[in-house]
Amino acid sequence: MPVAGVVPARQADAEPAELLVRNAKVHTGDPARPEAHGVAVRGGRIVALGDDHALAHLVGPGTRVVDALGRRVVPGLNDSHLHVIRGGLNYVLELRWDGVPSLRQALAMLREQAGRTPTGQWVRVVGGWTPEQFAERRMPTVAELNEAAPDTPVFVLHLYQSALMNRAAVRAAGFTAGTPDPPGGRFVRGRDGSPTGVLLAAPGALILYSTLAKAPALDEADRRLSTRHFLRELNRFGLTSAVDAAGGFQNFPDDYRTVVDLARAGELTLRIAYHLFPQTAGQELADLTRWVETVDPADGDEWLRLNGAGENLTWAAADFENFVQPRPELGPYEAEFEQAVRLLMENGWGFRLHATYDETIRRDLAVFERLAAEGLFPAGNRWLFDHAETVSDTSLDRIAALGGAVSVQNRMSFQGAAFTERYGAEAAARTPPVRRMLDRGLVVGAGTDATRVSSYNPWVALHWLVTGRTVGGLTLYPPANRLDRATALELYTRGGARLTGEADVKGRLREGCYADLAVLSDDYFTVPDEDIPHIESVLTVVGGRVVHAAAEYAGLDEPVEPPRPAWSPVAHFGGYRATPRPRLTGTRQADLVAEAVAESELHRQWRAARGDTPPTPPGPFPDPCFAH
């Protein structure tokens, strides 16, 4: 990039920087120096901040100087609850509907992908979307999946609520009239008892997980490349760190081997702190015991580190976030749960707990308070509740007293309408009560819970925190439960770092911290609210390495080989579907007109099929003004 205005000074005591970002509007996140115009990097750390003149002496013959062209620079984002390990393993096999503006376009993508998918493989759409984002405001139907892909198996996951399968997928999965409903799930069946292709979490998501697991997987070499592409996709949005929350069907060590190998080879482009989740009901204590006897949480490094157990410790203690179903009534679980928590606290392990409802949180807190009487809480171990959508003020006070924290995700961006329909607008207005958490001094990190629920795009989550609105535009929160932009960004930077004990080196731009930053396409602090979800990074730096580069900076990032296999949806469509910003009113207006015209034609065809209108458009108009 051009370096006009930067004149290297010959100072014998100034070791040159390896990278210098200049001519920028730097938001440091550091109250001691909130703004700067440039950042100098050496050895993967920030060595200086200031204006161009103050940093000029750090420019040497080998310094890469990047002109930010007046753009906004922020600390690298940190998703505090992202299923990044699991999401990477099959990323290149997934057709992403994240950001797609209409169902018509989504089905066209599916149809095109089915045409290139080889026999034996599936087309899979795995979360990150909601019918509220579509112009049509509705789900696809099984009939539409059958029409788009008559012979290729198709599996479409909708949050943790349901999934749709076409006929070919039902056959490939081996589902018949004799297939029983799994615990907590239900097949919608036809008159003969055969599954129709609609799967319902009622309320548990096991039926969705286990069905998705029937689709073909990649071999280890392709899983590694798939994960590299997924990390680059996250870098595209300015993400430089993530806390992996583990999850169902994510087995240790098998499913962790890919990121371990990438870390060993120096090929990670995202810093990952991970958790371990016992996978087998009835065996949780045995698994946790083996782990605490084998691994020290203090081990690890700045790229890959263990952050504790969770997000489940015992299966019986887990509730579900399916808001179209009633809140689950959990059976007795406290005895085994207490043993698990005691084991972790006595061995210096942290943990995180999936807990959607206050009813679950209160029961968990009662266990912690019994252990607190023995001196085990607070004891310096990092522990937190995940989600906490309906947590009460009383429970927040108890969490604070026990030294806990909270990680919130924008699941309400995608499920807010369903929650409001079941529980009412008044309850939705404080779900979750983020402002109340902060007012109590709790450590709060922000994230997405991607990829099977929300989209992994962090700017969608930041839009939710700032505006209180869903992806579909429904306003959930009054001003009292919204955050200003700087506070929301802090939850997505330093908040995540505090949850992993790295706040001294991560989440802020200051001397000595990791050189993790993003140069943004648009100024987060000044764009209209509706433009926030459309922000991307044009240059993402992790540890001084340029891991993503676009626009004027294209080609500055580290190379990565193309996605494999060649028929991969990612190879043809990419990941998150970028759309024009709403403030680009002319192009946005044209897009809306095109959608309306397309819907009008589909409506005409539907009426023609019913005999309500001629099957072809009317003939020439008699008025000469309409003559060709």
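**Helices side by side, and some residues to look at**

A: Let's start with a crossing: helix 10 passes helix 11 in a right-handed crossing. Please keep in mind as you look that this is a predicted model. Helix 10 and helix 11 pack with their axes 10 Å apart, at an angle of about 55°. That makes helix 10 oblique to helix 11. On the helix 10 side, the contact is made by Glu-334, Phe-337, Glu-338, Val-341 and Arg-342. They meet Arg-363, Asp-364, Val-367, Phe-368, Arg-370 and Leu-371 of helix 11. Sorted by class, the residues of this contact are 5 nonpolar, no polar and 6 charged.

Now stay with helix 11 and turn to another partner. Helix 11 covers residues 358-372, helix 12 covers residues 393-401, and the two pack at an angle of about 30° with their axes 10 Å apart. That makes helix 11 roughly parallel to helix 12. Here helix 11 passes helix 12 in a left-handed crossing. From helix 11, the residues that take part are Asp-358, Ile-361, Arg-362, Leu-365, Ala-366 and Glu-369. Helix 12 brings Ser-395, Arg-398 and Ile-399 to the contact. Together, the residues of the contact of helix 11 with helix 12 divide into 4 nonpolar, 1 polar and 4 charged.

Next, find His-83, in the loop between strand 8 (77-82) and helix 2 (84-89). His-83 counts as buried, because its relative accessible area is 3% and the cut-off is under 20%. Leaving aside neighbours within four places in sequence, the residues in contact with His-83 are Asp-244, Ala-245, Ala-246, Gly-247, Glu-311, Asp-449 and Ala-450.

Two residues from that list deserve a visit of their own. Asp-449 lies in the loop between strand 20 (444-447) and helix 16 (458-467). At 2% relative accessibility, Asp-449 is buried. The phi of Asp-449 is near 65°, a positive value in a residue other than glycine. Glu-311 sits in the loop between strand 16 (304-309) and helix 10 (334-346), and the peptide bond from Gly-310 to Glu-311 is cis, with omega near 15°.

For a positive phi, go to His-387, where phi is near 80°. His-387 is found in strand 18 (residues 383-387), and at 1% relative accessibility it counts as buried. For a cis bond, look at the peptide bond from Arg-564 to Pro-565, with omega near 10°. Pro-565 belongs to the loop between strand 23 (545-549) and helix 19 (569-573).

Now move to Arg-236, in the loop between helix 7 (220-235) and strand 14 (239-244). Arg-236 is buried, with a relative accessible area of 13%. The side chain of Arg-236 makes a polar contact with the side chain of Glu-233, at 2.9 Å. A polar contact with the side chain of Glu-536 also comes from the side chain of Arg-236, again listed at 2.9 Å. Beyond its neighbours within four places in sequence, Arg-236 is in contact with Glu-536, Ser-537, His-548, Gly-575, Tyr-576 and Ala-578.

Our last stop is Leu-239, which has its place in strand 14. Leu-239 is buried, with a relative accessible area of 0%. Leu-239 and Asp-79 are 160 residues apart in sequence, yet 7.4 Å apart from C-alpha to C-alpha. Asp-79 is also among the contacts of Leu-239, once neighbours within four places in sequence are left aside. The others named with Asp-79 are Leu-77, Asn-78, Leu-234, Leu-270, Tyr-456, Pro-458, Tyr-492 and Thr-540.

Key: Residues are numbered from 1 along each chain as its sequence is written. This is a predicted model: local features need pLDDT of at least 70, side-chain atom pairs count only at pLDDT 80 or more; totals for chains, interfaces and linings use all residues. Side-chain values use heavy atoms; hydrogens and water are left out. Axes are lines fitted to C-alpha atoms, for helices over the stretch in contact, and angles run from 0 to 180 degrees between N-to-C directions. Helices (H or I, at least four residues) and strands (E, at least two) are DSSP runs, numbered from the N terminus. Angles under 35 degrees count as roughly parallel, over 145 as roughly antiparallel, 65 to 115 as roughly perpendicular and the rest as oblique. A crossing is left-handed if the near helix is turned anticlockwise from the far one by less than a right angle, and right-handed if clockwise. Contact means heavy atoms within 4.5 Å. Ala, Val, Leu, Ile, Met, Phe, Trp, Tyr, Cys and Pro count as nonpolar, Asp, Glu, Lys and Arg as charged, and the others, Gly among them, as polar. Buried means under 20% relative accessible area, exposed over 50%, partly exposed in between (1.4 Å probe, protein chains only). A polar contact is a pair of N or O atoms within 3.5 Å; within protein, one must be able to donate a hydrogen and the other to accept it, and residues adjacent in sequence count only if both atoms are side-chain atoms.
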